[in-house]
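Here is a short briefing on one protein structure. Please look over the sequence and the model before reading the points below.

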Amino acid sequence: MIMMIMMMMMIIIIVIIIIIIIIIIIIIIIIIIIIVVINTLLDIIERIVEEDELRIIRFLLSDTVINTRINGATKERPFVSNIGTPQGDSLSPVLFSVYLENALKEVRTILPRPTNELEKTLPTEIAYADDVDFVGLNFVDTEEVQNTLHKYNLLVNIDKTEFTTLSRAGTEYKNTKKVGTLIGDEENVERRKRLSNAALTKLLNVWIKGDKIKRKTKLKLYRSLVKSILVYNCGTWALTKSEEEKLNAFHRKQLRKVLNIKYPVKITNSSLYNKCEEHPLSIYILENRWRLFGHILRRNIEIPANKSMNSYFATHGKKFRGRPLTTLPVVLNKDLSRLQENTLQLTTREDLEHLRCIAQKRQQWRELSTRIRKAAEAPPSDD
């Protein structure tokens, strides 16, 4: 009996020792991989930065002390982190972007080559932080991309990988989310309404306390916590006139809740806007639309947004029958058509290049945007 117990204890001890050895080996392998990645990162950075900047980066990656804060209390003993880049440091995202771009250079060599003129004008990839979209007329071989990125110890999350097919006939792609925004404008606006209404409801106690909280404070809270959710990425929306009117009505409904104005109390639209120091939401969207448009036109011609605009105005293949879709260039052209004695429009590639020249002079672009806004502004209806 004693011998059996001793044998079992020996087996347990041997198993524990084996587990410890395996854990140590795994840790060593991880450390080696991280060291290889860091050395590769430093080799990449060495080509693009000065010696002093490289020395600072080496110092950041080699001797970092991190402190933690739990429930507002800071831990007394900080610990040293020599593995990877410190999370939360402002330089770490930049270093990751540099490293990812170097890996994507090799990925681009395995992507399908353009087979026609349309593909040549399209952007091949759209990247934001660690999210990368590959664009083309054919699906990309994800397994080959995964194997290529694996050389740089970058792992592709297959579960989060999506295949989206853009089709004039289909509508499934409109519910695909990119950087917190749905591709379909109408679907995205409805989602923004739901999210902003949820935020508005959470602050219900603030809105109903009319005497205790100043109106100015309420409006500040509304703009920062509710309106910011409603108009997120609104500069990219291409809405019809009726969709804009529905959005304006939704905005006014929220403002009435903020001021705690309920039936049977009535207030005209113009009085509501004046009281809240607000404008119709369509005017706010227009301002953001032209601010974003000017910003993109001033950027490098090779960025995905500029490539997409150039591709939009390129003539490839046959035109579709029926009423044209309400796209962002169509809405921008309607904005320009409001101007009196105006020769500007946005229907061809030449028009785009002319607007690009104007955008290079910021003051001239601001003046154009102001003229468009004044032309779009009209006394709101009191119905």
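Which side chains meet in a salt bridge at 2.9 Å, N to O, one of them being that of Asp 52? The partner of Asp 52 is Arg 55. The model is a predicted one, and it holds 15 salt bridges.

**Salt bridges within a helix**
- Asp 52 and Arg 55 both belong to helix H2 (residues 51-62), where they sit 3 residues apart, about one turn of the helix.
- Arg 55 is partly exposed, with a relative accessible area of 48%.
- In another salt bridge, Arg 349 pairs with Glu 353, and their closest N and O atoms are 3.6 Å apart.
- These two residues, Arg 349 and Glu 353, are about one helical turn apart because they lie 4 residues apart in helix H14 (residues 349-359).
- Arg 349 is partly exposed at 37% relative accessibility, and Glu 353 is partly exposed at 29%.
- An α-helix has 3.6 residues a turn, so residues three or four places apart point the same way.

- Helix H8 (residues 215-230) bends by about 40 degrees at Arg 223.
- The buried residues of H8 include Leu 219, Tyr 222 and Lys 227.
- Among the elements covering the buried residues of H8 are helix H6 (185-202) and helix H9 (241-258).
- Lys 227 forms a salt bridge with Glu 278, with the closest N and O atoms 2.9 Å apart.
- This pair links distant parts of the chain, since Glu 278 is in the loop between H10 and H11, 51 residues from Lys 227.
- Glu 278 and Lys 227 are both buried.

**Strands S5 and S6**
- Strands S5 (residues 125-128) and S6 (residues 131-134) run antiparallel and are joined by 4 bridges.
- Glu 125 stands opposite Phe 134 in S6, and Glu 125 is also linked with Glu 101 and Arg 108 in a network of salt bridges.
- The hairpin has 2 residues between the strands, and Ala 129 takes a positive phi near 55 degrees.

Note on methods: Residues numbered from 1 in each chain as written. Predicted model: local features only at pLDDT ≥ 70, side-chain atom pairs only at ≥ 80, totals over all residues. Heavy atoms only, no water. Bend = angle between axes of the 7 residues up to and from the residue. Buried < 20%, exposed > 50% of the residue type's maximum accessible area, 1.4 Å probe, protein only. Contact = heavy atoms within 4.5 Å. Pairing = 2+ DSSP bridges. Salt bridge = Lys/Arg side-chain N within 4 Å of Asp/Glu carboxyl O.
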